[in-house]
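Let's take a friendly walk through this chain, from its surface patches to its core and loops. Here is the structure to look at as you read.

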Amino acid sequence: MSNYLVGMEAAWLVRDVSAVDDAIGVAVSEAGKRLNDADMDYVEVDVGATGCPACGEPFDSAFLAAETALVGLVLEMTVFNADSTEHAERIAKSEVGGALRDVPLTVVDVQEEPE
C-alpha cells in the first residue's frame, strides 16, 4: 500500500460579485469553510490556472459575467495506504465530494509519494 497526492479541480459558482479578485476570494473562503466544517483541514485549496490561448501564459481560472463568476479551484490532499492510483482517486473524490456537495469535481493528477 502506498500514499498518493491527489489533485482535483472544482468549479465554484459565486453570485453578486463585481470583480474577479473578489470572486476568487469568496470561492476559496467558502470552499475552505465547508471543508473545515467537515473536519477536512488537510485539503489544500487554491485558485486554478488557465493558459492564455494566444500566448500560453497562465492566469487565474475565473470568468465573470453579469455579476456571477465561475472560479476554477484546485484541491489537493494526500491519501494514505491506497492500493493503487485508481483507489486513491476514488477515496479523494468520495471524501471531498461529500463535503462539497453539488460542486463539480474532477481528478486531474495523482502522484505516488516516495516512501
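Which residues form a nonpolar patch on the surface? They are Leu13, Phe63 and Leu70, and together they have about 320 Å² of accessible area. Please keep in mind that this is a predicted model.

## The nonpolar patch

Phe63 belongs to strand β5, which covers residues 62-65. Phe63 counts as exposed because its relative accessibility is 58%, and the cut-off for exposed is over 50%.

## The nonpolar core

Now turn to the interior. In soluble globular proteins, nonpolar side chains tend to be buried together. The largest nonpolar core here has 32 residues. Those with the most contacts inside this core are Val6, Met8, Trp12, Leu35, Val71, Leu75 and Val96.

Several elements supply at least two residues each to the core: strand β1 (2-15), helix α1, strand β6 (68-82), helix α2 (85-99) and strand β7 (105-112). Of these, β6 gives the most, with seven residues.

## The negative patch

A negative patch is formed by Asp21, Asp22, Glu44, Asp46, Asp60, Glu76 and Asp109. The elements that give two or more residues to the patch are α1 (20-37) and β2 (44-47).

Take Asp21 as an example. Asp21 sits in helix α1, and with a relative accessible area of 61% it is exposed.

Is Asp37 buried or exposed? Asp37 counts as exposed, because its relative accessibility is 56%.

Asp37 and Ala99 are 62 residues apart along the chain, yet their C-alpha atoms are separated by 8.3 Å.

## Two loop residues with positive phi

If you like to check backbone torsions, two loop residues deserve a look. Where is Asp39 placed? Asp39 is in the loop between α1 and β2. Its phi is near 55 degrees, a positive value in a residue other than glycine. Asp39 counts as exposed, given a relative accessibility of 63%.

Ala66 lies in the loop between β5 and β6. Phi of Ala66 is near 55 degrees, again positive in a residue that is not glycine. At 75% relative accessibility, Ala66 counts as exposed.

Key
Residues numbered from 1 in each chain as written. Predicted model: local features only at pLDDT ≥ 70, side-chain atom pairs only at ≥ 80, totals over all residues. Heavy atoms only, no water. Patch = residues over 30% accessible without salt bridge, like charges linked within 9 Å, V, L, I, M, F, W, Y side chains within 5 Å. Areas by Shrake-Rupley, 256 points an atom, 1.4 Å probe, with all protein chains shown as cover. Salt bridge = Lys/Arg side-chain N within 4 Å of Asp/Glu carboxyl O. Lys, Arg positive; Asp, Glu negative; His and termini not counted. Charge placed at Lys NZ, Arg CZ, Asp CG, Glu CD. Helix = DSSP H or I, 4+ residues; strand = E, 2+ residues; numbered from the N terminus. Buried < 20%, exposed > 50% of the residue type's maximum accessible area, 1.4 Å probe, protein only. Core = buried A, V, L, I, M, F, W, Y, C linked by side-chain atoms within 4.5 Å.
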